[in-house]
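The sequence and structure come before the notes.

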Amino acid sequence: MRNCFLSLSAAVRCLPLRTAWLMACDQVEHELAAVIATRLGLKPDDLQVRLHAAAAAAALRVINEYVGAGLLDGADPRKLGDESFAFIADAVRAATVGAVGDPVHIDEAPAEPDEGAANRQE
């Protein structure tokens with residue numbers, strides 16, 4: 001089992017860890033769908049929202065695996081991306097063809113989440 005933890009990419013290939021990792025990625029995708037739907041003024045189950053959420057979740061998964069593998073290999077965390085984490089927004093923006101990825105300013109953010117948000121987290 002120790003060999004399975006030599007790198008993050010190897011670790012997620014071990015079936016129990018892979019299952020948990022994929023379940024976590026699926027949860028991220030659902031959470032992103034709620035956020036993206038709010039930002040685009042659409043419903044979370046809208047096909048466009050679901051496609052953007054899937055693409056954004058995949059981009060975040062790749063970044064997570066890249067950073068995790070770098071850290072496990074002893075890389076300097078400051079060299080795994082830029083200091084402002086703009087590379088994350090850039091990746092999401094690229095994955096969603098510009099539909100999302102830019103920061104939300106506090107005066108533009110919805111004051112309250114929509115009613116269905118709590119139900120989708122179950």
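**Helix α2 and its surroundings**

Helix α2, residues 15-40, has 26 residues and spans 36 Å from first to last C-alpha, close to the 38 Å expected at 1.5 Å a residue; the expected span is 1.5 Å times one less than the number of residues. This is a predicted model, in which local features need pLDDT of at least 70 and side-chain atom pairs count only at pLDDT 80 or more, while totals for chains, interfaces and linings use all residues. Residues are numbered from 1 along each chain as its sequence is written, and side-chain values use heavy atoms, with hydrogens and water left out.

- Trp21, Cys25, Leu32, Ala33, Ala34, Ile36 and Ala37 of α2 are buried, where buried means under 20% relative accessible area, exposed over 50% and partly exposed in between, with a 1.4 Å probe and protein chains only.
- Gly41 comes after α2 and has a positive phi, near 70 degrees.

**Overall make-up**

- The protein has five helices and zero strands; helices (H or I, at least four residues) and strands (E, at least two) are DSSP runs, numbered from the N terminus.
- The order of elements from the N terminus is α-α-α-α-α.
- Of the 122 residues in the protein, 24% count as buried.
- Among contacts with a separation of 6 or more, 53% come from residues 24 or more positions apart; contact means heavy atoms within 4.5 Å.

**Packing of α2 and α3**

- Two packed helices are described by the angle between their axes and the distance between the axes.
- For α2 and helix α3 (residues 47-72), the angle is about 130 degrees and the axes are 8 Å apart; axes are lines fitted to C-alpha atoms, for helices over the stretch in contact, and angles run from 0 to 180 degrees between N-to-C directions.
- The pair α2 and α3 is therefore oblique, given that angles under 35 degrees count as roughly parallel, over 145 as roughly antiparallel, 65 to 115 as roughly perpendicular and the rest as oblique.
- α2 and α3 cross in a right-handed sense; a crossing is right-handed if the near helix is turned clockwise from the far one by less than a right angle, and left-handed if anticlockwise.
- On the α2 side the contact includes Trp21, Cys25, Leu32 and Ile36, and on the α3 side the residues include His52, Ala56, Leu60 and Arg61.
- By class, the contact of α2 with α3 has 14 nonpolar, three polar and four charged residues; Ala, Val, Leu, Ile, Met, Phe, Trp, Tyr, Cys and Pro count as nonpolar, Asp, Glu, Lys and Arg as charged, and the others, Gly among them, as polar.

**Packing of α3 and α4**

- α3 packs against helix α4 (residues 86-95) at an angle of about 145 degrees, with the axes 8 Å apart.
- The crossing of α3 and α4 is right-handed.
- Ala55, Ala56, Ala59, Leu60 and Ile63 of α3 meet Phe87, Ile88, Ala91, Val92 and Ala95 of α4.
- The contact of α3 with α4 is made up of ten nonpolar residues, with no polar and no charged ones.

**Residues in α3**

- His52 lies in α3 and is buried, at 13% relative accessible area.
- Apart from neighbours within four places in sequence, His52 is in contact with Ile36, Leu40, Thr96 and Ala99.
- Arg61, also placed in α3, counts as partly exposed at 30% relative accessibility.
- Arg61 touches Trp21 and Cys25, leaving out residues up to four places away in sequence.

- Ala86 is in α4 and is partly exposed, with a relative accessible area of 29%.
- From Ala86 to Pro103 the C-alpha distance is 9.5 Å, at 17 residues apart in sequence.
- Ala91 is in α4 and counts as partly exposed at 22% relative accessibility.
- Not counting residues up to four places away in sequence, Ala91 touches Ala59 and Ile63.
- Ala91 and Ala58, 33 residues apart along the chain, have C-alpha atoms separated by 9.7 Å.
- Val97 sits in the loop between α4 and α5 (116-120) and counts as exposed, at 76% relative accessibility.
- Most residues other than glycine have a negative phi.
- Val97 has a positive phi, near 50 degrees, in a residue other than glycine.
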